[in-house]
Amino acid sequence: AVAESGTAQQTSRLSALIGSDNYGGRVREPINSEIVNTGSWPMFQRDTGNTGAVLDGVSLTESISVEWQYDSVKDGATMPVVDHNRVYIGFGTNNDETTQGKLLALSRTDSSVVWEQTFERAIRTPAVVDGFVYFGTHSTGGNHHTPRYGNIYKINATTGEQVWRFEPAGGVSTPPTVVDDTVYFGTKGSGSTYLQGTAYAVRASTGELLWEEVLGWGTFSAPAVDSDHVFIESRDEHSPFYALDRASGSVVWEYPMPDFKGNGTVADGIVYVTGFRDDARVAAIDAQTGNQVWEFSTESEVKTSPAVANGNLYFATVEGTIQAVDADTGSTEWSATIDEQIVRAPSVIDEIVYFADLSGRILGFNMNSGNKQFQYNLDLDGEGNITTPVIVDGRIFVASGDSGSVYALAGTQTESG
């Protein structure tokens, strides 16, 4: 529903998806591509479509080592996001009695702390756009019936000073997606509405509520955004996958996916969504109509959002099967198997697909053939729950969700073209 306090206006349509000459026009740059360039990774899965890919970047293939390491006193590290100067990352100390969060800005070159801010609740993965950091907080502990509380914040990326704070009905349960002066995010309910999750649109410049739309039990994935829609899941056993109108928040269509759902990815007019528990599959959905284009059944759960590049969709099952399928048809291009679980989304840089597994390894596969290009083990002594690899200017940035340590890896670089 559109907020009474303000009218959600459809700002200028997003720039058209741009074809790539290198790959026959099938690869598209993310919307608002002037914000998302090779020198940054500004939000979850890099762009507003959650594609997780850039084909004109600098990849790492060998002689990889830790360039720097930052050890936090807090656990629960988020996925890092990166602009031209800094790495931004959130932390949370979670138990049944207290929840405290910290947001850090680290130097990209040497891990020195530029600024830090402490908050009353744990931090969700941030986004950094046009010199400002946007992120949500949430209370944790207890069980799924425990009320959740939190806020969404805008912070000056240079100084760490707060610009505004918005308080939704419930804890912020997703990373924010920021585009065209709008912050999109979702919540898990609190109090008497703890079984109600809500999608929100807030004006980025002022923090004004534009619209809110109650969904199901709660949403936990970064919204994917195209020219007309916001795509978001509701993670319960009865709610569908939603397409919401960008201007009003009203439901445009619903796609039935009865069990738990993963993140949505949108590229070239198709939305890709993963299912897990008893509904292990990947589905391709027409972004305008909500009609299914194809589905790909998997032998185990797919808890990650897929990456889209070179006309292919890249994803992994929990049990360690890495899959590349044709983005238009769902037919298998190649597959590979590793001996460890994968629960993080992949990244695609240049011609390499990067995955992180639960043992603390980072693996790279050729995007066209599936041949393994490298493997690097962070040797985390059983604390291998590392985040999705973020690759910027020939460095890999990851964090351990268990220990809270942040790493920058460097090595032999391969530049496209």
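Okay, one term before anything else: when I say buried, I mean a residue with under 20% relative accessible area. Keep that in mind for strand β26, residues 312-316, where 5 of the 5 residues are buried, so the strand is largely enclosed by the rest of the structure. I'll come back to β26 in a minute.

First, what we're looking at. This is a predicted model. Average pLDDT for the protein chain is 82, and 78% of the residues score at least 70. The stretch to be careful with is residues 4-36, where pLDDT stays under 50. The model does have 69 contacts beyond four places in sequence for that stretch, but where pLDDT is low, the predicted coordinates should not be read in detail.

How many helices and strands does the chain have? We get 0 helices and 35 strands. Of the 417 residues, 64% count as buried. The chain exposes about 15,000 Å², with carbon and sulfur atoms supplying 42% of that. And if you take contacts between residues at least 6 apart in sequence, 49% of them join residues at least 24 apart.

Back to β26, then. Which way do its side chains go? N312, Y314 and A316 point one way, L313 and F315 point the other way, and all of them are buried.

With β25, residues 307-309, the pairing is antiparallel over 3 bridges, and A309 has N312 as its bridge partner. That hairpin has 2 residues between the strands, and N310 in the turn has a positive phi of about 60°. With β27, residues 321-326, β26 pairs antiparallel over 5 bridges, and here Y314 is partnered with A324. There are 4 residues between those two strands, and G320 in the turn takes a positive phi of about 100°.

Y314 turns up again in the aromatics: ring pairs link Y314, W334, F355 and F365 into a cluster.

Strands 281-286 and 292-297 run antiparallel and are joined by 5 bridges, with A284 standing opposite W294. This hairpin has 5 residues between the strands, and G290 has a positive phi near 85°.

The structure holds 18 aromatic pairs. Take W68 and F397: a tilted pair, 6.2 Å centre to centre with 50° between the planes. How many residues apart are they in the chain? W68 is in β2 (58-70) and F397 is in β34 (395-399), 329 residues apart, so to speak a link between distant parts of the chain. W68 is at 6% relative accessibility, so it counts as buried, and F397 is at 0%, so that one counts as buried as well.

Then there's F241 with W253: ring centres 6.5 Å apart and planes at 35°, so this pair is tilted. F241 sits in β19 and W253 in β20, so the pair ties together parts that are 12 residues apart in sequence. Both residues are buried.

The charged end of K102 sits over the ring of F91, 5.9 Å from the ring centre. K154 does this with F132, where the distance to the ring centre is 4.2 Å.

That's it from me. Questions welcome.

Note on methods:
Residues are numbered from 1 along each chain as its sequence is written. This is a predicted model: local features need pLDDT of at least 70, side-chain atom pairs count only at pLDDT 80 or more; totals for chains, interfaces and linings use all residues. Side-chain values use heavy atoms; hydrogens and water are left out. pLDDT is the predictor's confidence in each residue, from 0 to 100. Contact means heavy atoms within 4.5 Å. Two strands pair if DSSP finds at least two bridges between them. Buried means under 20% relative accessible area, exposed over 50%, partly exposed in between (1.4 Å probe, protein chains only). Accessible areas come from the Shrake-Rupley method with a 1.4 Å probe; for residues, only the protein chains shown count as cover. Rings of Phe, Tyr and Trp (its six-membered ring) pair if their centres lie within 6.5 Å; planes under 30 degrees apart count as stacked, over 60 as edge-to-face and the rest as tilted. A charge sits over a ring if NZ of Lys or CZ of Arg is within 6 Å of the ring centre and within 35 degrees of the ring normal.
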